[in-house]
Amino acid sequence: MKAHALSLGFDSVGVCAATEPPHYAAYERWIRAGGHSTMEYLARHLPQKRRPDELLPGAKSVIAVTLGYNRPNPRIPGRPRIARYALGRDYHKVMRGKLRKLGRWLDELHPESRSRACVDSAPILERDFAQLAGLGWYGKNTMLIDSKRGSWFFIGLLLTTAELEIDQPATGGCGTCMRCVEACPTGAIAFRDDRWQVIADQCISYLTIEHRGEIDASLQPKIGEWTFGCDVCQEVCPFNQPRESQPMRGRVTAVPDFITSREWPDLQALAQIEPDRWDRLTAGSAVRRAPLGQLRRNAAINLRNSSQS
Ligand code: SF4
Ligand code: SF4
C-alpha cells in the first residue's frame with residue numbers, strides 16, 4: 001500500500017488505528033473556552049471529530065499522507081504577500097484527487113472494504129492522526145514537523161474499513177528552541193492549558209483569512225506585508241532550513257499544481273479590485289476563502305503599513 005501511495009506522488013505515508021484522537025479532549029476544552037474565535041464551523045460535528053467511525057461507519061484504519069508545497073516566496077515591494085500553501089492550485093482539489101485514487105486501489109485490494117478521503121473539509125483532527133501514523137510531531141507553532149522534511153506540507157487522510165498494519169507514532173520535539181515564539185509578529189504563540197497554542201484571534205493567518213469585518217487597530221500594523229496568511233513561524237523554524245545532512249528540509253515541491261503561478265495585481269489594484277476580476281483571479285485558488293471585501297481590506301492594511309515603514 002505504501003509503495004503505491006508514494007507512486008501517486010505523496011511524500012510520506014503512514015497508518016494508524018481509527019480511534020479517538022489523542023488531543024480530542026484538549027480540542028473540546030479549547031472550543032468550550034472560545035479559542036476558535038469567530039470560526040464557528042470548528043465547533044460543529046464534535047461527535048465525528050471524536051470518533052472517526054462516525055464519518056465512515058466501520059472505519060478501522062486511517063492512512064495519513066503528506067504532500068509538500070514549499071516553493072520560493074520572495075518579498076516584492078508593492079505586491080501582495082501570500083502564504084506559500086496558497087500560491088499554487090487549491091490543495092483540496094490536488095490532494096483529494098490523489099487520495100481518491102488511493103482509495104479505489106485499496107478497495108480493489110480489499111473488495112469488502114470502503115474508504116473515505118478527508119482533506120481539511122471533513123470534521124476530523126488531521127494532525128493528530130498524522131502524528132499517530134508517524135508522519136510528524138507537534139512544534140510550538142502547532143505545525144506538524146517531520147524531522148527529515150520540516151513542516152511545509154499538506155496532510156490528507158483516507159479512512160478505511162480495512163484493518164491495516166499500523167505504524168509507530170512520531171516522536172520529536174523543539175527542545176529549547178523558541179524561534180517561532182519570538183518571531184511571531186503578533187505574539188500569537190503562547191503556552192496555555194499545558195501546551196503550546198496559536199491564539200487564533202491574534203494570528204495573522206486567522207485575521208487575514210477567517211476574520212470578517214474590521215481588524216483591531218492595534219493589530220493592523222503587525223500584519224505588515226501579509227495579504228493572505230502568514231508563514232513567519234515556519235520560515236524561521238530550523239527544521240525547514242536545508243542542511244547537508246538533511247537534504248529534504250526546505251526542498252521545493254515536485255507537484256506541478258503547487259508550482260504554478262498566477263499574476264496577482266499590485267496592492268493598489270487589489271485594494272480596489274472589482275467582483276468579476278476577483279472571481280477570475282481566485283478561481284481554483286485557496287485564496288478564494290477570503291471574500292472580495294476582505295482581500296481589499298487586507299491590501300489596504302498592507303499599503304498603510306508599507307507607507308509607514
Ligand atoms: S502564522 Fe504568523 S501570526 Fe500566526 S502564529 Fe505563525 S507567525 Fe504568528
Ligand atoms: S521554530 Fe523552534 S520552537 Fe518553533 S516549531 Fe520550529 S523547532 Fe519548534
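Me: How does the lining of the largest cavity divide by class?
Reply: This is a predicted model, in which local features need pLDDT of at least 70 and side-chain atom pairs count only at pLDDT 80 or more, while totals for chains, interfaces and linings use all residues. Residues are numbered from 1 along each chain as its sequence is written, chains are lettered from A and ligands numbered from 1 in the order in which they are written, and side-chain values use heavy atoms, with hydrogens and water left out. Ala, Val, Leu, Ile, Met, Phe, Trp, Tyr, Cys and Pro count as nonpolar, Asp, Glu, Lys and Arg as charged, and the others, Gly among them, as polar. On that basis the lining of the largest cavity has 2 charged, 2 polar and 11 nonpolar residues.

Me: Which residues lie nearest the centre of the largest cavity?
Reply: On a 1 Å grid over the protein atoms alone, a cavity is a set of points where a 1.4 Å probe fits but cannot get out, whereas a pocket is an open set with protein on both sides within 12 Å along at least five of seven lines, and lining residues have an atom within 4 Å of a point. The largest cavity holds about 100 Å³ of space, a volume being the space filled by probe spheres set on the points, which are joined across faces, edges and corners. Of the 15 residues that line the largest cavity, those nearest its centre are Cys-174, Cys-177, Cys-180, Cys-237 and Pro-238.

Me: Which residues are closest to the centre of the second largest pocket?
Reply: The second largest pocket contains about 330 Å³ of space. Its lining of 15 residues comes closest to the centre with Asn-73, Ile-76, Pro-80, Leu-87 and Trp-264.

Me: What is the distance, centre to centre, between Tyr-27 and Trp-30?
Reply: Rings of Phe, Tyr and Trp (its six-membered ring) pair if their centres lie within 6.5 Å, and planes under 30 degrees apart count as stacked, over 60 as edge-to-face and the rest as tilted. Because Tyr-27 and Trp-30 are 3 residues apart in helix H2, about one helical turn separates them, and both are buried. Their pair is tilted, with 35 degrees between the planes and a centre to centre distance of 5.8 Å.

Me: With which residues is Val-252 in contact, leaving aside its neighbours within four places in sequence?
Reply: Val-252 lies in the loop between helix H9 (232–235) and helix H10 (256–259), and counts as partly exposed at 43% relative accessibility. Its C-alpha atom is separated by 7.5 Å from that of Pro-72, 180 residues apart along the chain. Taking contact as heavy atoms within 4.5 Å, Val-252 is in contact with Asn-70, Arg-71 and Pro-72.

Note on methods:
Helix = DSSP H or I, 4+ residues; strand = E, 2+ residues; numbered from the N terminus. Buried < 20%, exposed > 50% of the residue type's maximum accessible area, 1.4 Å probe, protein only.
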